[in-house]
Amino acid sequence: MMTIGVILMAVVILTGCGSDSLTDMSAFNESKTIAEEDLQVPESKNEIIDMLKNSDDSNLEALISNHFPFVDSVVGEDTTANVYGTLQFEVEELADILAEIKQPDEISDYIDGQQILVYPDQFIIIKDSEDIANATFIEVASEEFVQKNYAPNFLTTYFAIRVLDSMFGNNWVSNRRNYCRSSDCYGGYSTSRTYNKGGVTKNRGLGTFRGGGPGTGK
């Protein structure tokens with residue numbers, strides 16, 4: 001009887017320990033997972049285009065959030081960016097549609113699977129998914145978020161230094177590069193790396209850069 005009691009007690013203890021481990025693992029895994037079904041919507045591609053073009057909403061993030069599934073938020077220094085996703089549009093196609101709806105101040109070329117539209121006080125970064133076939137992510141970030149968190153070497157892939165210094169102040173690129181040599185800087189949304197200046201550990205990862213160009217990890 002004592003042997004059975006000891007065994008039962010051991011099972012209870014192990015189950016309790018296992019429960020904590022599973023909880024931690026589950027929380028970690030959930031923060032890393034975006035499934036294809038998360039991006040599915042009932043509307044057809046043409047229906048979404050019609051709704052986007054016929055909307056009276058002049059706020060681009062509201063327009064995007066009304067028609068594309070929200071998938072994540074990026075906690076940065078003092079600010080947060082939101083990420084949406086779609087299975088129905090490719091990067092350049094969606095960039096052209098958004099630019100037609102509201103003309104950006106700047107629009108980059110399509111480079112490394114990404115394209116950036118710059119509006120007053122707002123950046124829209126559209127990129128191919130690394131993990132889900134035919135999926136596209138749409139990150140909507142304030143100018144403040146980009147200025148305080150983005151790696152300059154990422155942005156200079158898409159815009160001239162003079163353009164970035166004009167947006168953020170003289171010598172921003174040089175000053176930011178010096179900062180990023182010793183600190184994590186955001187290199188655009190990614191499901192495989194983490195960036196978390198805001199202290200919320202569950203947020204999905206974002207590419208980090210220390211000096212190198214796109215694709216250079218910390």
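Reply: What follows is a set of questions and answers about a predicted model.

Me: What makes the link of Cys180 and Cys185 a disulfide?

Reply: The sulfur atoms of Cys180 and Cys185 lie 2.0 Å apart, and because a disulfide calls for a pair of cysteine sulfur atoms within 2.5 Å, the pair qualifies; by this rule the count comes to 1 disulfide. The angle about its S-S bond is -95 degrees, and the link is left-handed. Both Cys180 and Cys185 are buried.

Me: Why is Arg176 called buried?

Reply: Arg176, which has its place in helix H8 (residues 172-180), has a relative accessible area of 9%, and since buried means under 20%, Arg176 is therefore counted as buried. Its C-alpha atom is separated by 8.8 Å from that of Lys148, a residue 28 positions away along the chain.

Me: How do you know that Asp78 and Lys148 form a salt bridge?

Reply: The N to O distance between their side chains is 3.1 Å, and because the rule asks for a Lys or Arg nitrogen within 4 Å of a carboxyl oxygen of Asp or Glu, the pair meets it. This pair links distant parts of the chain, with Asp78 in the loop between strand E1 (70-75) and strand E2 (80-86) and Lys148 in helix H5 (residues 143-149), 70 residues apart.

Me: Why is Asp78 called exposed, and why is Lys148 called partly exposed?

Reply: Asp78 has a relative accessibility of 62%, and exposed means over 50%, so Asp78 counts as exposed. Lys148, at 27%, falls between the limits of 20% and 50%, and therefore Lys148 counts as partly exposed.

Me: What makes Glu93 and Lys45 a salt bridge?

Reply: Their closest N and O atoms are 2.6 Å apart, and because the limit is 4 Å, the pair counts as one; by this rule the count comes to 5 salt bridges. Here too distant parts of the chain are linked, since Glu93 belongs to helix H4 and Lys45 to helix H2 (residues 45-54), 48 residues apart.

Me: Why is Lys127 called buried, and why is Glu130 called partly exposed?

Reply: Lys127 has a relative accessibility of 9%, and because buried means under 20%, Lys127 counts as buried. Glu130, with 40%, lies between 20% and 50%, so Glu130 is partly exposed. The two form a salt bridge, with their closest N and O atoms 3.2 Å apart.

Terms used. Residues numbered from 1 in each chain as written. Predicted model: local features only at pLDDT ≥ 70, side-chain atom pairs only at ≥ 80, totals over all residues. Heavy atoms only, no water. Buried < 20%, exposed > 50% of the residue type's maximum accessible area, 1.4 Å probe, protein only. Helix = DSSP H or I, 4+ residues; strand = E, 2+ residues; numbered from the N terminus.
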